[in-house]
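Trainee: Could you take me through one part of this model closely, namely the open sheet and what surrounds it? I would like one connected account.

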2 protein chains.
Amino acid sequence: MPTSPPVYESTLFTTVAAMQAEADAARAAGRRLALVPTLGALHAGHLALVREARDRVGPGGHVTVSIFVNPTQFGPGEDFEAYPRTLDADRDALDETGTVDAVFVPTVEAMYPFGLPPFATVAVRDLDRHLCGAHRPGHFAGVTTVVARLFLACRPHLAVFGQKDAQQLAILRRMTADLGFGIELVGHPIVREADGLALSSRNAYLSAQERAQAVVLSQALRAAQAAVARGERDPAVLARAMEAQVATAPLARVQYVEVVDAETLQPVEALSEGGPSGGRYLAALAVFFGATRLIDNVTLRVGEQA
Amino acid sequence: MPTSPPVYESTLFTTVAAMQAEADAARAAGRRLALVPTLGALHAGHLALVREARDRVGPGGHVTVSIFVNPTQFGPGEDFEAYPRTLDADRDALDETGTVDAVFVPTVEAMYPFGLPPFATVAVRDLDRHLCGAHRPGHFAGVTTVVARLFLACRPHLAVFGQKDAQQLAILRRMTADLGFGIELVGHPIVREADGLALSSRNAYLSAQERAQAVVLSQALRAAQAAVARGERDPAVLARAMEAQVATAPLARVQYVEVVDAETLQPVEALSEGGPSGGRYLAALAVFFGATRLIDNVTLRVGEQA
């Protein structure tokens, strides 16, 4: 007789102290804890992270999803105020997965008890020089600080992040390892629409026409992968090919197109098997459609891993 | 028949992972964990912190003493190389207390796995503008970063610090509360020699003549307390009185003498019951004897607390 998987009823936590007490109790019970940090406005990509988290900790484990639209990672003129807030729908979606123990939805005051800007910040140097970091000053300091706070509040053994924010994941990996959090970071592959568009809460901002043309991001990245497979090793050539692909969409405006080492996130002269990351590179781009900024990326592999 | 208190045999840990495993096991066993972070060269002041830690967690608790001469909190020209390293004597002294479970002595490589300067740093703004922070650029960023690492490695419920480093303690309190570590910080009163000199590992640098004159630091601070008791409320007057007292020692050279709010560590126009800390102020000074820099401080209380 087949047994049904357990169904978890999620409990809402809104203060750091209550969340820590929940985490400590779960740890004391010998459970393995996973955290999926989100800004809410959950879509199928987020739910894939949640299922990955459950798979990793097993049926006896403990899965927390945090929902917090963090003001300090939005710059002036960015969409902090407009960012979609859909808490009821988010909780329903999480409960439908039947796999979440705790939902952590702190207020801004709970996360920043001394107000904003916070007194204490966590920063990672150098890895924010290129890609989004070059265009969103202060963004990654906001991200590392809030994720450190979420790690301290939720005390997980592992945390799952989407690879769509590849630079964020690389920076958080560095932060976690360098400070010695003792937390395993799991990167989950980008979840895409049928036409290749990476899922994003910001896709909701797109007009029908913009949505149709937004396919050029993933097309450009696939073109770069194909070029590498054909032997192209010049990052400038790859970038120009991606730009040309994006230019086929009249409504698209490129913010950046870059190819960098996958770990150091620094530009390279040429792709090779001997780079810092052993032949792994990141092709990434940010493209505006009107006021909506979309990002996407792929890993380029050179050599035996390819 | 009286029962003897338990005697704890300390175990040495040198890697972050091993220390975390020890802490997790102690937490899983329901024990309360205390950490006493030190730079080694232990003296009676440190041992008082260790006994305070044991008192706080009780006989069933778990006490870790960390010993790490942290390179990133020493500036160029400071005494990082010369700082006394007396690990064998330190371990003997800790074992003689019979109250330490774990001694954490990480290598520089264990604490900074990506080398120096670290990629990830933890900083607290504003509270480092005055006192030592004004004279040791980068010092407190080094302190907050290494203490965050020690907290993450040792996972204590509480940590005990000496009040001799009053600015350090105030900054660490802010860091701990703002990032939400969920760790209680305990400040232990300054332990002094019979003549009033605050115990310090750096006292070992003093010549006999300097040692005799070093009594002026605590004399100056007591003079400030007496002046406040007589009704003096002008921080400039208090500072001048302290400077005059230090000037009675021919070998002394003042680096700073300041009176600041005890929590914000900012200067004030006048001492009052209504300040940010409710009438608590910090009188602090740093004085050189030759190349040896000594610090000391007292709390000035105004109003009902006085």
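Mentor: Two strands count as paired here if DSSP finds at least two bridges between them. The model is a predicted one. By that criterion, six strands of chain A make up an open sheet, in the order 1-4-3-2-6-7, and their pairing is parallel. Its edges are strand 1 (11-13) and strand 7 of chain A, each of which pairs on one side only. From one strand to the next, the twist averages 25 degrees.

For one pair in detail, take strand 3 (residues 62-67) and strand 4 (residues 102-104) of chain A, which are joined in the parallel sense by three bridges. Thr64(A) has Ala102(A) as its bridge partner in strand 4 of chain A. Helix 6 of chain A packs on the sheet and touches strand 2 (33-38), strand 3 and strand 4 of chain A. The direction of helix 6 makes about 145 degrees with that of strand 2 of chain A.

Now the contact with the other chain. In total, 28 residues of chain A are in contact with 28 residues of chain B. Helix 6 (139-154) of chain A is among the elements that give two or more residues to the chain A side, together with helix 1 (16-28), strand 5 (120-124) and helix 7 (166-179) of chain A. That side divides into 17 nonpolar, five polar and six charged residues. Strand 5 of chain A runs antiparallel to strand 5 (residues 120-124) of chain B, and five bridges join the two. Within this pair, Ala123(A) has Thr121(B) as its bridge partner.

Next, the domains. The domain assignment divides chain A into domain 1 (11-188) and domain 2 (201-301). Taken over C-alpha atoms, the centres of the two domains are 26 Å apart. Domain 1 of chain A gives 14 residues to the contact between them, and domain 2 of chain A gives 16. On the domain 1 side, helix 5 (132-135) and helix 7 of chain A each supply at least two residues. The residues of that side are nine nonpolar, four polar and one charged.

Tyr205(A) lies in the loop between strand 7 (184-188) and helix 8 (208-213) of chain A.

Note on methods: Residues are numbered from 1 along each chain as its sequence is written. Chains are lettered from A and ligands numbered from 1 in the order in which they are written. This is a predicted model: local features need pLDDT of at least 70, side-chain atom pairs count only at pLDDT 80 or more; totals for chains, interfaces and linings use all residues. Two residues are in contact if their C-beta atoms, placed from the backbone, lie within 7 Å. Helices (H or I, at least four residues) and strands (E, at least two) are DSSP runs, numbered from the N terminus. Ala, Val, Leu, Ile, Met, Phe, Trp, Tyr, Cys and Pro count as nonpolar, Asp, Glu, Lys and Arg as charged, and the others, Gly among them, as polar. Domain bounds come from an automatic or database domain assignment. Axes are lines fitted to C-alpha atoms, for helices over the stretch in contact, and angles run from 0 to 180 degrees between N-to-C directions.
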